[in-house]
Amino acid sequence: MILHTLMSSPFKIDLILFNQSILKKDALVVLQDGVLFSIKNNFLLKTFIFKTKKLYVLKNDLNIRGILDSKVSNLFFSIEYLDFVVLTEIYSKQMVW
């Protein structure tokens with residue numbers, strides 16, 4: 001079980017490796033500029049089929065960037081910092097993208 005955290009813009013990472021690395025038992029949190037990945041109907045979400053259903057977006061980072069909750073894909077659960085801390089406790093291994 002790995003907690004993947006996407007902190008940079010999805011355009012700055014190896015997207016193929018990123019998609020292949022996330023397994024069903026893993027979770028993904030997008031934060032900082034990574035929240036761009038969670039915007040509904042973007043072409044990245046249409047091309048990626050995640051094996052995991054545990055997709056999270058940090059609400060504070062959405063707010064800072066002026067992204068409304070209504071613009072976030074329903075694949076993602078909006079979480080607070082405390083929720084993120086809990087996820088880091090659940091998933092002992094982490095991968096930062």
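**Entry 1: the core**

I looked up the largest nonpolar core, which has 19 residues. Leu6, Phe18, Leu28, Phe37, Phe50 and Phe76 touch the most other members. S2, helix H2 (43–47) and S3 each supply at least two residues of this core. I noted the definition: a nonpolar core is a set of buried Ala, Val, Leu, Ile, Met, Phe, Trp, Tyr and Cys residues joined through side-chain atoms within 4.5 Å. Buried means under 20% relative accessible area, exposed means over 50%, and partly exposed lies in between, with a 1.4 Å probe and protein chains only. A second, separate core has ten residues, including Leu31, Leu58, Phe84 and Tyr91. In soluble globular proteins, nonpolar side chains tend to be buried together.

I wrote down the ground rules here. The model is predicted, so local features need pLDDT of at least 70 and side-chain atom pairs count only at pLDDT 80 or more, while totals for chains, interfaces and linings use all residues. Residues are numbered from 1 along each chain as its sequence is written, and side-chain values use heavy atoms, with hydrogens and water left out.

Next I listed the contacts of Leu6, where contact means heavy atoms within 4.5 Å. Leaving aside neighbours within four places in sequence, Leu6 is in contact with Ile13, Phe18, Leu28, Val29, Val30, Leu31, Gly34, Phe37 and Trp97.

**Entry 2: the sheet**

In what order do the five strands lie? I read S4-S3-S2-S1-S5, an open sheet with parallel pairing. The edge strands are S4 (77–79) and S5 (93–96), and each pairs on one side only. Neighbouring strands are turned by 25° against each other on average, direction ignored. For that angle, axes are lines fitted to C-alpha atoms, for helices over the stretch in contact, and angles run from 0 to 180 degrees between N-to-C directions.

Helices (H or I, at least four residues) and strands (E, at least two) are DSSP runs, numbered from the N terminus. Two strands pair if DSSP finds at least two bridges between them. Four bridges join S1 to S5, and four join S1 to S2. I checked Leu3 on both sides. Its bridge partner in S5 is Gln94, and its partner in S2 is Ala27. The chain crosses from S1 through H1 to S2, and this β-α-β crossover is right-handed. Right-handed means that, with the strands pointing away from the viewer, the path from the first strand over the helix to the second runs clockwise.

Three bridges join S2 to S3 (residues 55–58), and these strands run parallel. Val30 stands opposite Val57 in S3. Along S2 (residues 27–30), Ala27 and Val29 point one way and Leu28 and Val30 the other. All four are buried.

**Entry 3: His4**

Is His4 buried or exposed? His4 is in strand S1. It counts as buried because its relative accessible area is 1%. Beyond four places in sequence, His4 touches Ser21, Ile22, Asp26, Ala27, Leu28, Val29, Met95 and Trp97.

**Entry 4: aromatic pairs**

I found four aromatic pairs. Rings of Phe, Tyr and Trp (its six-membered ring) pair if their centres lie within 6.5 Å; planes under 30 degrees apart count as stacked, over 60 as edge-to-face and the rest as tilted.

Tyr56 is in S3 and Phe77 in S4, 21 residues apart. Tyr56 is buried at 16% relative accessible area, whereas Phe77 is partly exposed at 49%. Ring pairs also link Phe18, Phe37 and Trp97 into a cluster.

**Entry 5: loops**

Which residues here have a positive phi without being glycine? I noted Gln32, with phi near 50°, and Asn41, with phi near 65°. Most residues other than glycine have a negative phi. Gln32 is partly exposed at 36%; Asn41 is exposed at 60%.

Last, I looked at Phe11, in the loop between S1 (2–6) and H1 (15–21). Phe11 is exposed, because its relative accessible area is 57%. Beyond four places in sequence, Phe11 touches Phe43 and Leu44.
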